[in-house]
Amino acid sequence: MTDDAQRRALEESLHPGMGAGDDGRGQNSPSTSGVRRALGTTIGEFHGNSCGLGEVVISFEDVHKSFGKNTVYRGMNLDVRLGETLTIIGGSGQGKSVCLKLMIGLLQADAGKVLYYGHDVADMDAEALRQVRMRVSMVFQGGALFDSMTIGQNVGYALREHTDMSDAEIRERAVESLELVGLGPSTHRGIMDQVPAALSGGMVKRVALARSIALRPEVILYDEPTTGLDPSNCNRIARMIRKLQRELGVTSIVVTHDMTTAWYVADRVAMLYDKQFPFVDEVEAFRAIENPVVRDFIEGRTS
Ligand SMILES: Nc1ncnc2c1ncn2[C@@H]1O[C@H](COP(=O)(O)OP(=O)(O)OP(=O)(O)O)[C@@H](O)[C@H]1O
């Protein structure tokens, strides 16, 4: 992907539909009051102390989605709860990535609702949608770093574009974010000024994680975070996902084919099958499901 294409993809994931003439600076630093202004007082209450663990952050209600004759979802329902890590599993091409894209409005449902704190994403204006995207961060397959920018610039990109933080504050936040993914100055001196080409695949994935947490999102969506990594880097990324959930209190949704990662990171597992999520449960209960469709999948007897 060229830098321009990467920038557009990231830009689109952060705030598609942003009106002409709005450069996204200054007024857009993440704040609860911004969300309250954008979405009304109800959502503000959720971001205050009134929302306990287990409250629903994102929910799909009877969602239908097709691409031409290819039906991906037919009457799909799913809840994501505050503070949990929900792992989404399912066969290739069944719609796991589409599910993540529906969550942040990169794709629209044909029918049904995708709700963020009870507010339908389809009804949000550009400002409300942008506020959601400041809080729901997506880590793309492959990292999608800008090749021509340094690591520090990559990690600080969204802060520069969407907040009024000073250069010094952005640098400090970038260092902090890299530290959280194990790439801090004590272990990786100078990494801020390197370019992505100088890093290993595992490090690129960790930098992508650092970039996704720089805005301190409330929800992180991970699309195949361990694909293409060796087992030791897979473990490292899985540990990072857990650590970020613990230390930043983020709600996480992880799409993965790798069952070791799935079991390790998940509080709950949702399996996509036949255009819906018929099997959703906490890890231990999920592992005990006797339905042959689930058993075949988790024991590796289907793709
Ligand atoms: N923008 C699009 N236009 C047309 N078809 C699409 C689009 N996005 C996804 N699809 C189709 O929707 C289906 C689900 O795709 P998706 O990428 O969500 O699958 P997946 O479960 O994530 O697959 P994998 O595990 O292989 O990554 C596929 O048939 C795919 O071709």
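Arg 242 counts as buried, at 18% relative accessibility; buried means under 20% relative accessible area, exposed over 50%, and partly exposed in between, with a 1.4 Å probe and protein chains only. The model is predicted: local features need pLDDT of at least 70, side-chain atom pairs count only at pLDDT 80 or more, and totals for chains, interfaces and linings use all residues. Residues are numbered from 1 along each chain as its sequence is written, and side-chain values use heavy atoms, leaving out hydrogens and water.

The side chain of Arg 242 meets that of Asp 267 in a salt bridge, at 3.3 Å from N to O. A salt bridge is a side-chain nitrogen of Lys or Arg within 4 Å of a carboxyl oxygen of Asp or Glu. Arg 242 belongs to helix H9 (residues 231-248) and Asp 267 to the loop between helix H10 (259-265) and strand E9 (268-273), so this pair ties together parts 25 residues apart in sequence. Helices (H or I, at least four residues) and strands (E, at least two) are DSSP runs, numbered from the N terminus. Asp 267 is partly exposed, with 28% relative accessibility.

## Salt bridges of helix H5

The structure holds eight salt bridges. One of them joins Glu 127 to Arg 130, where the closest N and O atoms are 2.2 Å apart. Both residues lie in helix H5 (residues 126-135), three residues apart, about one turn of the helix. An α-helix has 3.6 residues a turn, so residues three or four places apart point the same way. Within this pair, Glu 127 is partly exposed at a relative accessible area of 29%, while Arg 130 is buried at 3%.

Arg 135 takes part in another salt bridge, with Glu 218; here the closest N and O atoms are 3.7 Å apart. Glu 218 sits in the loop between helix H8 (201-213) and strand E7 (219-223) and Arg 135 in helix H5, so the contact ties together parts that are 83 residues apart in sequence. Arg 135 is buried at 4% relative accessibility, and Glu 218 is partly exposed at 25%.

## The ligand shell

Oxygen atoms of the ligand come within contact distance of several polar protein atoms. A polar side-chain atom of Lys 96 is 2.7 Å from a ligand oxygen. For a polar backbone atom of Gly 95 the distance to a ligand oxygen is 2.9 Å, and for an N or O atom in the side chain of Ser 92 it is 3.3 Å. The ligand taken alone exposes 640 Å², of which the protein buries 61%; accessible areas come from the Shrake-Rupley method with a 1.4 Å probe.

## The hairpin of E9 and E10

Strands E9 and E10 (276-282) form a hairpin with two residues between them, and Asp 274 in the turn has a positive phi of about 55°. The two strands run antiparallel and are joined by five bridges; strands pair if DSSP finds at least two bridges between them.

Asp 274 is exposed, at 51% relative accessibility. From C-alpha to C-alpha, Asp 274 is 8.1 Å from Gln 94, although the two are 180 residues apart in sequence.

Four strands form an open sheet in the order E2-E1-E4-E5, with antiparallel pairing. E2 and strand E5 (119-120) are the edge strands, each pairing on one side only. Strand E4 (residues 111-116) pairs with E5 over two bridges, in the antiparallel sense. Leu 115 stands opposite Asp 120 in E5.

Helix H6 (residues 151-162) is mostly covered, with nine of its twelve residues buried. Among them are Ile 151, Val 155, Tyr 157, Leu 159 and His 162.

Technical notes. Polar contact = N/O pair within 3.5 Å; in protein donor to acceptor, adjacent residues only side chain to side chain.
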